[in-house]
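I opened my notebook to go through this structure entry by entry. Here it is, ahead of my notes.

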Amino acid sequence: MRQYVLKRLCLVVPTLLLISIIVFSLNHMLPGDVVVLMFEEKAYAKDLDALRAKLGLDRPLYVQYFSWLGDVVQGNLGESLWTKRPVVEEMMRRLPVTFELGAMGIIVALCIALPIGVLSAIRQDTLKDYAARSIAIVGLSVPPFWKATLVIVLPSIWFGWAPPLQFTPFAENPWQHLSQFILPALILGIAPGASLMRLTRALMLEVLRQDYIRTAWSKGMREPRVVLRHALKNAVIPVVTLLGLQIIQIANGTVILETIFGLPGVGRFLVDAMFQRDYTVVQGVILLTSSIIVVVNLLVDMTYAYLDPRIRYQ
Amino acid sequence: MTRQQAHPGPPRDVRRRDLLKAGLAAGVTLSTWPLHTPSVLWGAEAGQPKRGGILRVRGWDPVHFDHHLTLNFKTNTTLSFAYSTLVRYKVGVDIRPGTFTVEPHLAERWEQPDDTTYIFHLRHGVKWHNKPPLNGRELVADDVKFTYDRFITEPGNALRFALESVERIEVVDRYTVKFILKEPYVWLVNMLANPAGTWIIAPEVVQQFGDLKKAESVIGTGPFILERYEPNVKTVFKRNPDYFLKDQPYIDGVEWLILDDPSTGLAMYRAGQIDCGPAPWWSVRQQDLETLKKSHPHLVYQDFLSNVTSSVIYLRTDTSPFNDVRVRRAISMAVDRQGIIDGVYIRGEPTPAIARGATEWSLPIDQLGEGARYYQYDPKEARRLLAEAGLAKGFKTQINTTGGYGPDLLDAVQLVQHYLKDVGIEVEMKVQEYGAYMATTFLGKFEGMSMGPVSIAWEPDSVLYGMYAPDQPRNSAHVNDPKLTAMLQEQRRTQDLEVRKQLIFDIQRYVAAQQYYVYTNSNMQTGTWQPYVKNYAPNPSFDYGGRAAALWLDR
């Protein structure tokens, strides 16, 4: 197990390095130029060349990359080109909001996936099964931004009611703080929940047909014990892997939902930075989220190895 | 003497039919009564001012807080709550949207001893917000001088051109400041009233913070004190108890909320979570207007035309074929302005050089004289004019534009492309990234044609002189017409307001005939607010703070 974890850890370093190169180069390939955008305001330098030099963007791209990478290794993600505020500081203020939303989204996804997936499998081809699968298809098909818009717009037209759409810090009003996360978390969790539910159902069906389950039934075990203790534990291994991948979808979903629900998280910060071509912020945010996803995947692999001791790094 | 009737009829009793007719007539009269009441009815009905309450409205996240280092409206609108100007555009329910009349503000009066001297007398006892390093000290003439010296000398101030006529500013005494001009410039007072870049600041604050980019450096003399700034969330202002306008502000504070998503803003307004409309100028988008009126008829609505020309076709008038007036007129006549309004902007009006929303200065199209002809949609005449110019087979050109102003402009450009094709002009559309557009096309660096909006018209000089004087950076069409330049300079020197107004009208007629820029339309906008918001009227200026100080909440 230790060797497995060490080998997986060694892979993280080149993965992150590759991500840093992709993030850096793609960012500079975007159409539009922060220098031109900033110069429009005329407040930063006397001409475009002077501004480019002031921002250090006149150097060759590889020099800029290594200079940035050197700072990153020391924990310095640079400063916003516009506000001059440190990127790390800006992100630290916003990360808790995104984590909270993401964590609630994962909880929602699991709450949908596991019970409904299991129920759908043990009641295969019944009305309950069809209903669950149909709802899952709808959940997967409707994009989160559309669900969010409907959830906000329709009650306001029909009942003159809208969910809380202004951010309140936890310390100020804990109930209001939590209540404003409920709807976005539900919307965020539906699509990954639906994917996971379909997988859970399929794997449960496979496991429920195994000999050892038949043995368990024949021994007269009660249904909950057979299903939850013997079938689910074995069926859930690929679900954990898929959950790791769904976390990426959840992270992507926060970008648009934070904008719609007025939550000041990293996703919204990234959108603003992209519009302003604030390279250092975009690089910092993407590198950080990529790192989190890499770490989550590492944890998933480790969980996988824990759940099934036969799995070893080859 | 009573005149006898030759054949007197029978005595007339009051019949049932007569009574019904009379009743019907009275009913009709009474039912139409509200139509005849003046548009300031809500102001008249506002009753006695009421203290208290927090105004929650849609706001913007400023790029930073230094108004001398950005043109951005997000900064200027946010600062309008905390700062004041020397003079200002009048605020109140009796002000018709689109009128911008200058009134005293920090200066209680001003005088003009000659064409190049303006003397401003400051109010006594105006206090800065009670925050360090100012701690509520009194505003003095040195502060005004410091503000405008910084305005004029700060290399990063993109608005410096607005006061390019100012030679120097002198402090006469503690409460008197003098502006000495290089040449007569009658619009000086209007420029000082523009709620963009002209907020009065204190030297100690700049010394302490280095610049004014941080929220902590927002210390003004305005109606509200900046209490808290939460990036991406809101800016919170509290009432300034020492504000110099008597009794104002009536409300205890303002929450200036950052609402990036239009649907979210509208839902909050429908649900009563915000007090005024969620679109700019606290309005509602025309696309949402009908459904909002249907679901929420109790809200207050007021239409007004925008003082921004939504889309203008810029022509390189210094190059062929656009240096030929017949070609420019042909382009104007090929474009169906009403078609653009109906198809893209829903409601609005075709506009001359000054947007129709600037009601004091803008001429209706039918008063443009000869120029009015070229506003008619007449593709046949357009083809004839092109043939007369030797372009019977049409020609090919390009039109630069940007997606940075939103999808409406791109739709309008595509309609123009279609209209021009009908008369034989093949136009290739080039969509630029907003930054690239601003650095090139906006400043006249383009080939053929371009299309975009025109700056806000609070007074006519900036949109006329700026767009047509040969030495101006905003003269994107490269117009160099000595007769027009002379007219533009003359209006800048004309003290008599009525004479100046006629000059401005003449300029609009002249440029309508020349069609250096093909102006299309001004949009209709609809301001809206909750019925408990009293003593409020919209006006498309950045002075949201001034309007918020004058209103009260009667929930």
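Which residue stands opposite Phe237(B) in S10(B)? I looked it up, and Val254(B) is the residue facing Phe237(B).

**Ground rules.** I am working on a predicted model, where local features need pLDDT of at least 70, side-chain atom pairs count only at pLDDT 80 or more, and totals for chains, interfaces and linings use all residues. Residues are numbered from 1 along each chain as its sequence is written, chains are lettered from A and ligands numbered from 1 in the order in which they are written, and side-chain values use heavy atoms, with hydrogens and water left out.

**Entry: first sheet of chain B.** Strand S9 (residues 234-239) and strand S10 (residues 253-258) of chain B pair in the antiparallel sense, over five bridges. I noted what a strand is: a DSSP run of E, at least two residues, while a helix is a run of H or I of at least four, and both are numbered from the N terminus. Two strands pair if DSSP finds at least two bridges between them. As background, strands of a sheet pair through backbone hydrogen bonds, either parallel or antiparallel.

I then wrote down the whole sheet. It is open, with four strands in the order S1-S10-S9-S8 of chain B, and the pairing is mixed. Strand S1 (54-59) and strand S8 (224-230) of chain B each have a single partner strand, so one side of each is left without a neighbour in the sheet. Neighbouring strands here are turned by 20° against each other on average, direction ignored. Such angles are taken between axes, which are lines fitted to C-alpha atoms (for helices over the stretch in contact); they run from 0 to 180 degrees between N-to-C directions.

I also checked the loop between S9 and S10 of chain B, where Asp247(B) lies. Phi of Asp247(B) is near 70°, a positive value in a residue other than glycine. For reference, most residues other than glycine have a negative phi, and most peptide bonds are trans.

Entry: I found another open sheet of four strands, S4-S5-S7-S6 of chain B, with antiparallel pairing. Its edge strands are strand S4 (107-114) and strand S6 (166-173), each pairing on one side only. The twist averages 20° from one strand to the next. S5(B) and strand S7 (residues 176-181) of chain B run antiparallel and are joined by five bridges. His121(B) has Thr176(B) in S7(B) as its bridge partner. H4(B) packs on this sheet and touches S5, S6 and S7 of chain B. The direction of H4(B) makes about 170° with that of S6(B).

**Entry: cis bonds.** I looked up two peptide bonds. Pro132(B) to Pro133(B) is cis, with omega near 5°. Pro133(B) sits in the loop between strand S5 (117-122) and helix H4 (141-153) of chain B. Ser320(B) to Pro321(B) is cis too, with omega near 0°. Pro321(B) belongs to the loop between strand S12 (300-315) and helix H9 (325-334) of chain B.

**Entry: chain A.** How many helices and strands does chain A have? I read off 12 helices and zero strands. The C-alpha atoms of chain A fill a box of roughly 85 × 60 × 35 Å along the principal axes.

In helix H6 (residues 127-141) of chain A, Arg133(A) and Asp129(A) lie four residues apart, about one turn of the helix. They form a salt bridge (a side-chain nitrogen of Lys or Arg within 4 Å of a carboxyl oxygen of Asp or Glu); their closest N and O atoms are 3.1 Å apart. Over all chains, the count comes to 36 salt bridges.

**Entry: where A meets B.** I counted 35 residues of chain A in contact with 36 residues of chain B; contact means heavy atoms within 4.5 Å. The two chains bury about 2,800 Å² between them, 53% of it on carbon and sulfur atoms. Buried area is the accessible area (1.4 Å probe) that two parts lose on being put together, summed over both.

The rule finds one salt bridge across this interface. Asp260(B) pairs with Arg268(A), with the closest N and O atoms 3.1 Å apart. H7(A) gives the most to the side of chain A that touches chain B, with five residues.
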